[in-house]
Amino acid sequence: MSTTHNDNPGRGIDTRPAPDANGIIEEHPIDDPGIETHIERYADVDDKAGDRAARQVLFCFALVPLLALGFVISYFWPGFDRVIVDFGPIYSNGQHLAMGGFLGFAVLLIGVGAIQWSREIMHDAELVEERHPAVSSDEDRKAIMAEIDQGIEESGISRRKVLGTSLAGAIGVTVLAPLVMLLDAGPWPLPSRRRETIERTIWDAGTAAEPIYLVNDVTRTRIRAADMEIGQLINGEPENLWDYHGAAFQTEKAKAAIIIVRMDPNSIKVPDRRQDWHVGGILAYSKICTHVGCPISLWEQQTHHLLCPCHQSTFDLGDAGKVVFGPAARALPQLPITVDDEGYLIARGDFTVPVGPSYFERDLYPEDKGE
Ligand code: FES
């Protein structure tokens, strides 16, 4: 195998095979076109163009440290994680957007600089590697076919063809077994399926005649609004949860769990459309973190903040459950509540948005931004 360099400007290479000892050139079905005449780059023949290319590479690499610095500053910039960028299809935490942008451009510029370097500055030699036929010799092919024929003969399959057929059938059917197990991956998450499962909770079972009561999840007793003190937090469940058993009980509990808090109504912000979702400063929120679904009940009475112990997402229950810190991207869903004739807390219906962590098909709702 030989390698030919073509670094002589203006000269192409004739890669046709050399004549043999008899002066005969072996013919190919398609003429070998050789390689194109080498044309020198501007950067090689013009010093100014060469300097310009070097400056372009330098410019790309020089920007990278600045972008890396921007990345670090965005990480530490106080309050940046609370900035929400809402622009067309982009709805994101400003800090994440800035960090991703800085890092992405830094990597892009390293790549652009490296490409420009290799295209304009690195040595411009063209290499030709001649290939020889990869086919085996006739002797080798005959030997291999003889071995295969011998193997077939010794297996007895040529005399008892039914054995081969039954083996192929057995293997074919066995392959179906793991395919069937794919069905255990779960049903397709079609919109109708989602509406019946992860996008509803058993709070939706209430009617005007038979409302669902909020009950203490330990004592299972109903909660009277007048008995709650300002600053108090109660872990709650829907009273109908105990109609379920086994896996269904766990599934419904995981979605329907709530926390009920009482705050001074004069110290909280309630969006206009949620004015009748609370009872004199008593509000109910999903207990399931919107980040990756931990149950939350670390409550700071003075600040009205609810802290998730898993990754420190913090929600302001005095401001529609908005995220004030941490990786969660959506406000805590609020359960609209009221009281019955005797002053016990009842649900006005289900949550207005799916509870818990995000999933691929989930839509965004105004409530996710605390509206
Ligand atoms: S699950 Fe709550 S912050 Fe991650």
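**Leu214 and its surroundings**

Leu214 touches Ile223, Gly236, Ile260, Ala284, Ile337, Leu345, Ile346 and Ala347, leaving aside residues up to four places away in sequence. Contact here requires C-beta atoms, placed from the backbone, within 7 Å. The model is predicted: local features need pLDDT of at least 70, side-chain atom pairs count only at pLDDT 80 or more, and totals for chains, interfaces and linings use all residues. Residues are numbered from 1 along each chain as its sequence is written.

Leu214 is buried, with 26 other C-beta atoms within 10 Å. A residue is buried if 20 or more other C-beta atoms lie within 10 Å of its own, exposed if 12 or fewer, and partly exposed in between. Leu214 is also among the residues with the most contacts inside the largest nonpolar core, which has 39 residues. Such a core is a set of buried Ala, Val, Leu, Ile, Met, Phe, Trp, Tyr and Cys residues joined through C-beta atoms within 7 Å. At least two core residues come from each of β5, β7, β8 and β15.

Leu214 lies in strand β5. Strands (E, at least two residues) and helices (H or I, at least four) are DSSP runs, numbered from the N terminus. An open antiparallel sheet has the order β5-β6-β7-β8-β13. Strands pair if DSSP finds at least two bridges between them. β5 and β13 are edge strands with a single partner each, so one side of each has no neighbour in the sheet. Three bridges join β5 to β6. In β6, Pro238 stands opposite Leu214.

Helix α5 covers residues 161-181. The number of buried residues in α5 is zero, so the helix lies largely in the open.

Methods: The expected span of a helix is 1.5 Å times one less than its number of residues. Two residues are in contact if their C-beta atoms, placed from the backbone, lie within 7 Å.
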